[in-house]
Amino acid sequence: MDLKLGGRKGIVTGASKGIGKRIGNLMLESGMSLAFCARNEDEIVAAEEEWAGKGYKVKGTSVDVADAEAYKAWLADAADWLGGCDAFVPNVSAGGGSNEEQWRANFEVDLMGAVRGMEVLLPHLSKNNGSAVFIVSTAALETYPVVQPYNALKASLIVYAKQLSQVIAKDGVRLNCVSPGATLFEGGNWERHQKNLPDYYKATIESIPFGRLGSAEEIADAVVFLLSQRASWITGINLTVDGGQTKRVSL
């Protein structure tokens, strides 16, 4: 299927590894150019060299998404370097934890990273029927073994995205969410759980009808489809990509 992404321009946060890197890779393979950010300079350089070596137009930058002014400046610079922006994926997260400092971190990175990104990039997205996909989590959809701000702030993204999608549709811009379930990739949380929490890891696999965890590629496939022109009549949804792990009925 031709996703009609050739020549389009994308911006992804946290694309040096994990799900974010798989999203960036698929965007590039689909003919897009890419600007991405992360925190670890070595990982940024490695990803950029890998992609540039394949002939892709790509630029990585070290940015702290929690630093509002630096982040907004990078977004503006990235769009300028690309010559616009047709697709935006705020993927980076402040991760888990439960103290007050972690609440602030998840607010600034997970929620405001998306809010500030849309505020800066909406003028670009509106020029060419652009789209955005927020990376959420199934931890935002059902009760979770750990009570933490990550879950609550991810849930807030779904409400924000739904409401904003209604406002920006008049500008030709689509906005959706993707909520991954338990996803296994090198260096990720579930790789650590497999080693450090084997009983929890085993119980999670047993809760999934397919009897396995998801892959980063399976998440990326869903994200890039929603970004593409093939999803031109889809906006305001939260797509759960979890192999049936969540058990609620969505009507």
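User: What do the angles between helix axes run over, and between which directions are they taken?

Analyst: Angles run from 0 to 180 degrees between N-to-C directions. The model here is predicted. In it, the axes of helix α1 (residues 18–29) and helix α2 (residues 41–52) cross at roughly 20 degrees. They come within 12 Å.

User: Why is α1 called roughly parallel to α2?

Analyst: The crossing angle is roughly 20 degrees. Angles under 35 degrees count as roughly parallel. Therefore α1 is roughly parallel to α2. The crossing is right-handed.

User: What makes the contact between α1 and α2?

Analyst: K21, G24, N25 and L28 come from α1. A47, E50 and W51 come from α2. By class, that contact has 3 nonpolar, 2 polar and 2 charged residues.

User: How do you know whether K154 is buried or exposed?

Analyst: K154 has a relative accessible area of 2%. Buried means under 20%, so K154 is buried. This residue lies in helix α5 (residues 149–168).

User: What lies 2.8 Å from a polar atom of the K154 side chain?

Analyst: The backbone oxygen of I135 does. The cut-off for a polar contact is 3.5 Å. K154 also touches S93, D110, V136, S137 and A140, among residues beyond four places away in sequence.

User: Why does G236 count as buried?

Analyst: Its relative accessibility is 14%. The limit is under 20%, so G236 counts as buried. G236 is found in the loop between α8 (216–227) and β9 (238–241).

User: Which residues does G236 touch, not counting those up to four places away in sequence?

Analyst: K162, S165, L175 and N176. G236 and S165 are 71 residues apart in sequence, with their C-alpha atoms 5.3 Å apart in space.

Key:
Residues are numbered from 1 along each chain as its sequence is written. This is a predicted model: local features need pLDDT of at least 70, side-chain atom pairs count only at pLDDT 80 or more; totals for chains, interfaces and linings use all residues. Side-chain values use heavy atoms; hydrogens and water are left out. Helices (H or I, at least four residues) and strands (E, at least two) are DSSP runs, numbered from the N terminus. Angles under 35 degrees count as roughly parallel, over 145 as roughly antiparallel, 65 to 115 as roughly perpendicular and the rest as oblique. A crossing is left-handed if the near helix is turned anticlockwise from the far one by less than a right angle, and right-handed if clockwise. Contact means heavy atoms within 4.5 Å. Ala, Val, Leu, Ile, Met, Phe, Trp, Tyr, Cys and Pro count as nonpolar, Asp, Glu, Lys and Arg as charged, and the others, Gly among them, as polar. Buried means under 20% relative accessible area, exposed over 50%, partly exposed in between (1.4 Å probe, protein chains only). A polar contact is a pair of N or O atoms within 3.5 Å; within protein, one must be able to donate a hydrogen and the other to accept it, and residues adjacent in sequence count only if both atoms are side-chain atoms.
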